[in-house]
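Open the model in your viewer and keep the selection panel at hand.

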Amino acid sequence: MKAYVFPGQGAQFTGMGKDLYENSTIAKELFDKANDILGFDIKTIMFEGSAEDLKQTKVTQPAVFLHSVILAKSLPDFKPEMVAGHSLGEISALVANETLDFESGLKLVYKRALAMQSACEANPSTMAAILGLDDDIVEKTCQEIEGVVVAANYNCPGQLVISGEIEAVNLACEKLKELGAKRALVLPVGGAFHSPLMKPAEEELAKAIEETTFNSPICPVYQNVTTVAVTDPTEIKKNLIMQLTAPVKWTQSVQNMIADGATEFIEVGPGKTLQGLIKKINKEAEVSSATI
């Protein structure tokens with residue numbers, strides 16, 4: 001079975017989507033439509049903007065979403081049998097499996113981005129990648145630190161991202177290095193995504209999600225929060241709301257997709273990050289990038 005996977009924030013690059021715009025009529029229509037929906041010229045920022053322009057959460061999230069979703073819609077005979085997305089990529093996955101239409105998906109992503117940026121500004125915070133330690137050691141250490149710091153992204157075995165208050169994250173990094181982490185690297189992100197500090201953003205996004213129509217999907221989505229196949233629109237909504245403050249369980253999601261019959265993983269969107277993670281989760285997995 002073919003599993004289509006969608007990347008999250010961090011996969012952006014200058015010029016993203018330009019080749020799609022120039023080579024696909026559908027892509028051209030959707031990029032132009034996106035400018036109208038958002039009310040600003042995201043297309044030009046994606047095609048010509050600097051890395052700094054693209055790094056702002058309110059730009060990054062819709063840009064990665066647009067690249068992924070427009071690429072999926074430009075693929076000939078796109079019929080996914082299962083989908084998943086990493087963090088923001090989950091909304092791209094929900095458009096790909098027709099739970100959401102293009103316009104609803106883009107509006108939700110933009111509201112999510114603005115809500116997250118606002119939460120970050122209200123409470124300065126950060127994330128750090130911990131390499132080379134077992135998950136349980138990282139989890140236990142976070143629990144022992146004073147302040148807010150939690151396991152946020154279970155990316156692959158030996159790679160767990162922690163998230164929280166700046167001082168608590170720095171303390172956790174020091175302690176984890178002492179415990180044998182190969183690296184404990186603070187990430188250049190705007191704030192503590194997938195942590196309790198995103199509660200104000202979760203409440204704001206919940207309103208937008210409740211007002212959005214979620215359809216019955218054409219195939220299951222493996223959501224970050226539950227890691228198992230979901231097809232019920234009500235359950236998909238609930239999991240999507242919880243996602244902002246809950247960890248991204250990517251390792252477990254990929255393992256469950258393989259257990260359910262996934263033989264090939266196709267990454268749809270910018271970069272190859274997910275392919276690298278999937279190979280570390282299962283060396284036998286077949287991975288590739290979607291191309292038109």
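**Aromatic pairs**

The structure holds six aromatic pairs. Here, rings of Phe, Tyr and Trp (its six-membered ring) pair if their centres lie within 6.5 Å, with planes under 30 degrees apart counted as stacked, over 60 as edge-to-face and the rest as tilted. This is a predicted model, in which local features need pLDDT of at least 70 and side-chain atom pairs count only at pLDDT 80 or more, while totals for chains, interfaces and linings use all residues. Residues are numbered from 1 along each chain as its sequence is written, and side-chain values use heavy atoms, with hydrogens and water left out.

Select Tyr-21 and Phe-31. They make an edge-to-face pair, 6.1 Å centre to centre with 65° between the planes. Tyr-21 sits in helix α1 (residues 18-23) and Phe-31 in helix α2 (residues 25-38), 10 residues apart. Helices are DSSP runs (H or I, at least four residues), numbered from the N terminus. Tyr-21 counts as buried at 17% relative accessibility, and Phe-31 is buried at 0%. Buried means under 20% relative accessible area, exposed over 50%, and partly exposed in between (1.4 Å probe, protein chains only).

Phe-47 is buried, with a relative accessible area of 10%. Tyr-21, Phe-31 and Phe-47 form one aromatic cluster.

**Cysteines**

How many disulfides does a search of the whole structure find? The search returns zero, a disulfide being a pair of cysteine sulfur atoms within 2.5 Å. Cys-120 is buried, with a relative accessible area of 8%. Move to Cys-173, whose nearest cysteine sulfur is that of Cys-142, 8.9 Å away. Cys-173 is buried at 3% relative accessible area.

**Nonpolar cores**

Next, select Phe-6, Phe-65, Leu-66 and Phe-102, which touch the most other members among the 64 residues of the largest nonpolar core. Such a core is a set of buried Ala, Val, Leu, Ile, Met, Phe, Trp, Tyr and Cys residues joined through side-chain atoms within 4.5 Å.

Centre on Phe-102. Leaving aside neighbours within four places in sequence, its contacts (heavy atoms within 4.5 Å) include Leu-30, Lys-33, Phe-65, Leu-66 and Val-95. Finish at a second, separate core of 18 residues, among them Leu-133, Cys-142, Val-149 and Ala-168.

Technical notes. Helix = DSSP H or I, 4+ residues; strand = E, 2+ residues; numbered from the N terminus.
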